[in-house]
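Look at the fold below before reading on.

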Amino acid sequence: MSNDFQGFNPFTPGAKMPTKGGFGILSDNERKQPPPSTPGGQISPRQMKMKEITTELLMCISDDESVSELLLSHEEFLLNQLNNVDAVLEPDSVLTPDMTRSQRFQRYGEVMQERIDGARAPAAKKALGALKDFVMSRE
């Protein structure tokens with residue numbers, strides 16, 4: 001068995017896997033824009049998953065059928081924090097634990113509209129719009 005994980009504790013805030021040769025992890029000053037992070041500098045699994053979904057969405061945005069299939073395949077994930085009022089929220093979430101289901105949908109709609117209005121690229125506007133319309137249709 002390899003000792004690659006020796007001394008690594010994934011439950012320690014800010015824990016990083018030791019890397020050989022420095023590949024894979026850029027030092028902070030090599031990053032142009034730090035990724036959105038939770039306190040402690042860690043990217044949450046939910047943020048990573050959302051980034052993955054929006055990247056896929058952008059790649060297939062011109063094909064309505066592919067967009068629908070993609071959104072449907074991630075429906076449970078996309079709606080979890082809106083439908084489940086007991087869901088654990090990210091520290092930077094626009095939702096608060098005391099919101100009702102309908103308040104969560106209302107807040108989501110407002111925030112997504114702000115993001116659509118703020119997006120410069122037409123493809124990004126279209127992708128955010130598709131995401132918003134899909135989620136709001138489940139209210």
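## Overall make-up

Buried residues, those under 20% relative accessible area, make up 27% of the 139 residues in the protein. Residues over 50% count as exposed and those in between as partly exposed, with a 1.4 Å probe and protein chains only. This is a predicted model, in which local features need pLDDT of at least 70 and side-chain atom pairs count only at pLDDT 80 or more, while totals for chains, interfaces and linings use all residues. Residues are numbered from 1 along each chain as its sequence is written, and side-chain values use heavy atoms, with hydrogens and water left out.

The protein has five helices and zero strands. Helices (H or I, at least four residues) and strands (E, at least two) are DSSP runs, numbered from the N terminus. Along the sequence the pattern reads α-α-α-α-α. A contact means heavy atoms within 4.5 Å. Among contacts between residues at least 6 apart in sequence, 44% join residues at least 24 apart.

The arc is that of the directions from the helix axis to the C-beta atoms.

In α3, the buried residues are Leu-78, Leu-79, Gln-81 and Leu-82. They cover an arc of only 155° around the axis, which puts them on the same side of α3. The buried residues of α3 pack against α1, α2, α4 and α5.

## The nonpolar core

A nonpolar core is a set of buried Ala, Val, Leu, Ile, Met, Phe, Trp, Tyr and Cys residues joined through side-chain atoms within 4.5 Å. The largest one holds 24 residues, of which Leu-57, Val-67, Leu-71, Leu-78, Leu-82, Leu-131 and Val-135 touch the most other members. The elements that give two or more residues to this core are α1, α2, α3, α4 and α5. Which element gives the most? That is α5, with six residues.

Val-67 shows how parts of the chain meet. Leaving aside neighbours within four places in sequence, Val-67 is in contact with Leu-57, Cys-60, Ile-61 and Ala-130.

## Charged side chains

A salt bridge is a side-chain nitrogen of Lys or Arg within 4 Å of a carboxyl oxygen of Asp or Glu.

| Pair | N to O distance |
|---|---|
| Arg-138 and Glu-75 | 2.7 Å |
| Glu-110 and Arg-107 | 3.5 Å |

Glu-110 and Arg-107 both lie in helix α4 (residues 101-118), three residues apart, about one turn of the helix. An α-helix has 3.6 residues a turn, so residues three or four places apart point the same way. Glu-110 is partly exposed at 37% relative accessibility, and Arg-107 is partly exposed at 26%. The C-alpha atoms of Glu-110 and Lys-132, 22 residues apart along the chain, are separated by 9.7 Å.

Arg-115 also lies in helix α4 and is partly exposed, with a relative accessible area of 46%. Leaving aside neighbours within four places in sequence, Arg-115 is in contact with Val-94 and Leu-128. Arg-115 and Gly-129 are 14 residues apart in sequence and 9.3 Å apart in space, C-alpha to C-alpha.

## Charges over a ring

A charge sits over a ring if NZ of Lys or CZ of Arg is within 6 Å of the ring centre and within 35 degrees of the ring normal. Arg-46 lies over the face of Phe-77, at 4.3 Å from the ring centre. Lys-49 lies over the face of Phe-77 as well, at 6.0 Å from the ring centre.
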